[in-house]
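Student: I have a structure open and would like to learn how to read it. Could we go through some features one by one?

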Amino acid sequence: MPSLIDLTLEGRKVGQHGPWPRVVVDASVWTFAASELAHGRWSLLGLWGDPATVHMAIMDGQTAGIAVISLDCPNRRFPSVGRHHPPARRLERTIHDLFGLSAEDSSDARPWLDHNRWGVRFPLGDRIDALPKATPYRFLAAEGDGLHQIPVGPVHAGIIEPGHFRFTASGETVVRLEQRLGYVHKGIDGLMTGASLERGVRLAGRASGDSTVAYAYAFSRAAEAALDLGVPERAVLLRALLAELERLANHLGDIGAICNDASFALMHAHCGVLRESVLRAAGAAFGHRLMRDVIVPGGVVRDIGSDGVEAIQAALDNIRLRFPALVELYDNTASLQDRTVDTGTLKASLASQYAAGGYVGRASGRSFDARRALAYPPYDSLRFDVPVLNEGDVNARVWIRIREVEQSLSLIDQILSRLSQGAIRKEVPLGGEVREGMAIVEGFRGDILVWLRLRNGLIERCHMRDPSWFQWPLLEAVIENNIVADFPLCNKSFNCSYSGHDL
Amino acid sequence: MRKLLFESVFRQPLTEPAPSAADAAVAELATAVGQTARRRLGRSLSIREVDAGSCNGCELEIHALNNAYYDVERFGLRFVASPRHADVLMVTGPVTKNMREALERTYHATPNPKWVVAVGDCARDGGCFAGSYAVIGGVSEVVPVDLHIPGCPPTPVAMLRGLLALVEQADTRTITS
Ligand code: SF4
C-alpha cells in the first residue's frame, strides 16, 4: 500500500507551500487517491476549486500525514471523487456552481449553493449569464404506501439560521431527510480574492459567528505558514486562551439548548447563565463578548490585563462551582435520558468515512482532534484529554461536550499560569511573489481548514472549509427511523453551521 | 433536581435587579421599556426573528436576550415562532440573494401594524460582505426598515435599548396616523 509520501513523489511539488506539501498530479493519481479514500485508508479533508484547477487535501489517519494534490483541468472537467467517495459529492457540486468545473461521471450533478438567484453562473470562474429561469430543484425520491412529505424552512420556527429540510415520513417515523442548503451563501471565497490580509482575517472571522476565534486563528496560521512567520510566545498562548473560551461558551450554551429541545428548560436556564458568565469575562478581558477581530496574522491585537485575567478566573470558579450539579442533574433525569439515549445514532463506520470532526466524530469512536493529532503550539505542551465514546447517540454527544468543558477549564488554567510578559504581535512581511499556506485548527465544532495563496502580499485565492461540510450529510443519516419530534434534538446535538457551510 | 430547585428558593435572582449599581444601564432600560411597552400596547410585543444571511453572530446575542440576566419576557417582549403572530420582524445579515424571497414572504405574512428592526452592521448595508455577487446589501433594500441597531454583533444591552426606541417610535406613529 503506497503511503502519502509515495503519492506526493508521483507529482510535481509546488514550491512555497507550507507546512504540508502540495503536488500537481495527473488524472490517474487523482483517481487513485479517490479510491484510497473510498477504501478508508485516507480521509478527505477538503476539495476545492481554482479557475482551472481542483485541489484535494487528504490525511493518512494512522500517521496524521497530510498532503494537498492538485489536478489541472484544461477542458473544465476532472474525474469525480464523489463517485467513489460520497463525502466529496457536495464539495464537487459546489466547485461546479462556483467555478464551472464539472466532475466527470458524478453521481449527483444537481446544483448545490447556486439557486439561480445570483444573476450570474460560475461567479469565480468564467462567468456566464444566469439561466433565464431556475429549473425546479429535484429532491430525491422516496416512495411507498402512506408516505408523506414535510417541508421545513428555509425560515425556521426558532432563532436559527435558514436552510430547507425535506422530510419523508411514514406516520411519525422519518424515512428520509434531505437537506437543501446555500441560503446564507455570501460569496466569501469571492470576496477574499484580491483582499489584503487585514480584510481577509476580518472576513474569516465572519464565516461562522460562533467560531469567529477559530476561523481567525486558522486563517492567521495559514497566512503565517505561507510567509514562514513565527508568532511571539505570549500571542501563541493568548490565541489558545481565546479558542478555549470560545469552546467553553459554545458547549455550555449547547448543552442547555439540547436539553431545552427535550423540554427540559431548567438545564437551559442554568447553562445559559454559565455561558453568559464566559461571554462577560471575554468582554471584560478582550473588549468583545465573542472575541471578534482579536487574532490577526502575526499575533493578536489586544493584550489582556490583570483585571481581564481576574474576570476569567472568576468565571471559571463559578463554572466549577455550578457545573457539576448540572451534570448530575442531566445524568439523573430519566425523562431527559429517555429522549437522548439511543436517539439519532451515528454509526462509527459513517463517522470515519466522512472524517467527521469534533464531538460528532468523537461520540462515534473517531478520536481525531486537531489539537492533539496535529499538535500545533501551544497545545503540544499543554496537558489535556480527548474524550471519545462509541455510542454515537445524542446522549454521547452531550457527554463529549461535558467532558470537553472540563478539559477547557483545565487548559485555561494552564495557559493563564504560563502567561509571561512579552510582545503580542509581529510585523507581517509582504512576502515574495507567490506563497501558499494551509492550516487546520480545532474549533468547538471540529476541524476548520483554511488554504490560501498570496501574491505580493495580497490574497489571490482563499478557501475555508467548515467542519459542517462533513457533518451535515451525517445528520441526514442519523434521523432515519427516528420520530419527527426528535429531529430538533438530533439537529441541536450536531449543531452544524449554516453560514460556515454556505460561505 | 430537588437540590437545584431547593437552592433556587434561597438564591438571589440573577436578573439584573431594578436600580442596580453594577449595570445601571440595563436596569434603567428595564423600567423604561416596561412602562412604554405597557402604555403603548397594554400587552406583549411579539418578535419574529429572521436570519437573512447572517454569520450567526447576531443570533447568538439575540438568544442571550432570553437568558436569566436580560430576560426580555419580563418587559412583555417575546420571540414567537410564526410571522403571523408577530408585531416586529428582527432581521439580521446582509440579505443574500438566495434569502430575498423568503424574507419578502415572511414580511408579507406578518400582519399590520408591523415594524422591522434590522440588527447588526451587515443588516445596514451589507457590512463587510457588501459588493459580493451573492449579497443584496442592507435589509432596507428588500423590506422597509423602521430601526437599525448597529454592532457586530450588537450586545444584548444595545438590542434592549434599540427595542425601547422602537416602542417609542411605535407610539408616535400611532399618534400621527
Ligand atoms: S453584523 Fe456581524 S455578527 Fe451580525 S451577522 Fe453581520 S458579521 Fe455577523
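Student: Is the crossing of helix 5 of chain A and helix 6 of chain A left-handed or right-handed?

Tutor: In this predicted model, helix 5 and helix 6 of chain A make a right-handed crossing. In general, two packed helices are described by the angle between their axes and by the distance between those axes. Here the axes of helix 5 (residues 197-204) and helix 6 (residues 212-227) of chain A come within 8 Å and cross at roughly 145°.

Student: Which residues of helix 5 of chain A meet helix 6 of chain A?

Tutor: Helix 5 of chain A contributes Leu197(A), Gly200(A), Val201(A) and Ala204(A). On the side of helix 6 of chain A, the partners include Tyr215(A), Phe219(A) and Leu227(A). The residues of this contact divide into 8 nonpolar, 2 polar and no charged.

Student: How many residues of helix 15 of chain A are buried?

Tutor: Helix 15 (residues 472-479) of chain A is mostly covered, with 7 of its 8 residues buried. Among them are Trp472(A), Pro473(A) and Glu476(A). Just after helix 15 of chain A, Asn481(A) takes a positive phi of about 70°.

Student: Now the sheet in chain B. In what order do its strands lie, and is the pairing parallel or antiparallel?

Tutor: Strands of a sheet pair through backbone hydrogen bonds, in either a parallel or an antiparallel way. In chain B, 5 strands form an open sheet in the order 2-1-3-5-7, and the pairing is parallel. Strand 2 (77-79) and strand 7 (147-149) of chain B are at the edges with a single partner strand each, so one side of each has no neighbour in the sheet. From one strand to the next, the twist averages 30°.

Student: What packs on this sheet?

Tutor: Helix 3 (residues 57-64) of chain B does, touching strand 1, strand 2, strand 3 and strand 5 of chain B. The direction of helix 3 makes about 140° with that of strand 3 of chain B. Helix 4 (residues 100-109) of chain B lies across strand 1, strand 3 and strand 5 of chain B, at about 165° to strand 3.

Student: How many residues of chain B are in contact with chain A?

Tutor: On chain B, 51 residues are in contact with 53 residues of chain A. The two chains bury about 4,100 Å² between them, 60% of it on carbon and sulfur atoms. Leu4(B), Asn98(B) and Tyr133(B) supply 19% of the area that chain B buries against chain A, more than any other three residues.

Definitions and conventions
Residues are numbered from 1 along each chain as its sequence is written. Chains are lettered from A and ligands numbered from 1 in the order in which they are written. This is a predicted model: local features need pLDDT of at least 70, side-chain atom pairs count only at pLDDT 80 or more; totals for chains, interfaces and linings use all residues. Side-chain values use heavy atoms; hydrogens and water are left out. Buried means under 20% relative accessible area, exposed over 50%, partly exposed in between (1.4 Å probe, protein chains only). Helices (H or I, at least four residues) and strands (E, at least two) are DSSP runs, numbered from the N terminus. Axes are lines fitted to C-alpha atoms, for helices over the stretch in contact, and angles run from 0 to 180 degrees between N-to-C directions. A crossing is left-handed if the near helix is turned anticlockwise from the far one by less than a right angle, and right-handed if clockwise. Contact means heavy atoms within 4.5 Å. Ala, Val, Leu, Ile, Met, Phe, Trp, Tyr, Cys and Pro count as nonpolar, Asp, Glu, Lys and Arg as charged, and the others, Gly among them, as polar. Two strands pair if DSSP finds at least two bridges between them. Buried area is the accessible area (1.4 Å probe) that two parts lose on being put together, summed over both.
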